[in-house]
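Here are some notes to go with the model, for anyone opening it for the first time. Have the viewer ready and follow along point by point.

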Amino acid sequence: MSQDFVVAIPARYAASRLPGKPLREIGGEPLVLHVARRALAAGAREVWVAADDERIAQALKDSGVQVAMTSPDHASGTDRLAECADLAGWRDDTVVVNLQGDEPFAPAAGIVATAQTLRDSGAEMSTLAVPITQVEVLFDPNAVKLVRAGNGDALYFSRAPIPWPRDAFAKDRERMPGGDEWLRHIGIYGYRAGFLRKFAKLRPGRLEQIESLEQLRVLEAGYRIAVGITPEPFPPGVDTPEDLARAEAHLAQTRQDEASAGEPASGEGA
């Protein structure tokens, strides 16, 4: 059933760590096609890919998604999606889910939850998180952590372990302290098209530049980001050749499991 939101996928050909990333193949098909299928599975009213290269558009031909050819000069995916919003002609109240172009296994339920969190909260923006269960993740600067207020709004995002359990870590930093206070951010966002346009025009904030986290621009400017807990796990995205190999293995295992269970292969993973 069609839902009252759209999904927009930024797809930049010249990715620094994995050049040509949207067209790198997983299971014999381009990465961007796998991501587009996840968005379609969520039942969005429209699915758009904001591309910067005609080869991406060709890879998506007859896929059921629409392509917006955007400038190759955008500094971020947010800027690219703001141009996509204008090219698509979305009204300011259109609910937009920003699904990263390197998430070939994003669960449909998580995409829907991002849109629902935005509606339920009344915040300018929404995103998702998952509880952290491994201390290695807590200390990994590539794993972005966040803390929430009592109403579910984000208080802060950081590459550092937050909140810092002073007493527990004074004794032992090799294991997770008790409790459920630690959350890892999942890089999926929801906003209305009007706020997306406003976000793209905000100047980068001081905290954003310190942490290299674009979402901090929103908090520093005084806007709300509502955080929901993902209803299903998000398998790791693809950002490096090693990630690509892991994604290939994940898809192969998923297809094998489906075949063993007597289910038809989905083509894009679980």
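1. A word on terms before we start: a residue is called buried under 20% relative accessible area, exposed over 50%, and partly exposed in between. Keep in mind too that this is a predicted model. Now try Arg 91, which sits in the loop between α3 and β6. Its relative accessible area is 59%, so Arg 91 is exposed.

2. Stay with Arg 91 for a moment. Its side chain makes a polar contact with the side chain of Asp 93, at 3.0 Å. Setting aside residues up to four places away in sequence, Arg 91 touches Ala 193 and Arg 197. The C-alpha atom of Arg 91 is also 7.3 Å from that of Gly 194, although 103 residues separate the two along the chain.

3. That brings us to helix α7, residues 193–201. Which of its residues are buried? They are Ala 193, Phe 195, Leu 196, Arg 197 and Phe 199. These buried residues pack against α3 (77–88), β6 (95–98), β7, β10 (183–192) and α9 (216–220).

4. The largest nonpolar core has 38 residues, and Phe 5, Val 7, Ile 9, Val 49 and Leu 99 touch the most other members. At least two residues of this core come from each of β1 (3–11), α1 (31–41), β4 (44–51), β6, α4, β10 and α10 (241–260). The largest share is that of α1, with six residues. A second, separate core has 31 residues, among them Val 6, Ala 154, Ala 193 and Leu 196. As background, nonpolar side chains tend to be buried together in soluble globular proteins.

5. Leaving out neighbours within four places in sequence, Val 7 is in contact with Ala 39, Ala 44, Glu 46, Val 47, Trp 48, Val 97, Leu 99 and Ile 111.

6. Ile 111 belongs to helix α4, where Ala 108, Gly 110, Ile 111, Ala 113, Thr 114, Ala 115, Thr 117 and Leu 118 are buried. For a quick check of the geometry, α4 has 14 residues (108–121), and at 1.5 Å a residue these should span 20 Å. The end C-alpha atoms are 20 Å apart, so the model agrees with that expectation. After α4 comes Gly 122, which has a positive phi near 75°.

7. Now for strand β11, residues 225–229. Four of its five residues are buried, so this strand is mostly covered. β11 pairs with β7 (residues 125–131) in the parallel sense, over five bridges.

8. Is Thr 230 buried or exposed? With 11% relative accessibility, Thr 230 counts as buried. Its side chain reaches the backbone oxygen of Glu 232 at 2.5 Å. Beyond residues up to four places away in sequence, Thr 230 touches Gly 110, Leu 128, Ala 129, Val 130 and Ile 186.

9. On to charges. Side chains of opposite charge can pair when their charged atoms come close. How many salt bridges does the structure hold? The count is 16. One of them joins Asp 239 and Arg 17, with the closest N and O atoms 2.2 Å apart. This pair links distant parts of the chain: Asp 239 lies in the loop between β11 and α10, Arg 17 in the loop between β1 and β2 (25–26), and the two are 222 residues apart. Asp 239 is partly exposed at 22% relative accessible area, while Arg 17 counts as exposed at 56%. Both take part in a network of salt bridges along with Lys 21 and Asp 102.

10. Arg 55 and Asp 53 meet through their side chains at 2.9 Å, N to O. Arg 55 is partly exposed, with 44% relative accessible area, whereas Asp 53 counts as buried at 15%. The side chains of Arg 45 and Glu 46 form another salt bridge, at 3.3 Å from N to O. Arg 45 counts as partly exposed, at 39% relative accessibility.

Technical notes: Residues numbered from 1 in each chain as written. Predicted model: local features only at pLDDT ≥ 70, side-chain atom pairs only at ≥ 80, totals over all residues. Heavy atoms only, no water. Buried < 20%, exposed > 50% of the residue type's maximum accessible area, 1.4 Å probe, protein only. Pairing = 2+ DSSP bridges. Contact = heavy atoms within 4.5 Å. Polar contact = N/O pair within 3.5 Å; in protein donor to acceptor, adjacent residues only side chain to side chain. Expected span 1.5 Å × (residues − 1). Core = buried A, V, L, I, M, F, W, Y, C linked by side-chain atoms within 4.5 Å. Salt bridge = Lys/Arg side-chain N within 4 Å of Asp/Glu carboxyl O.
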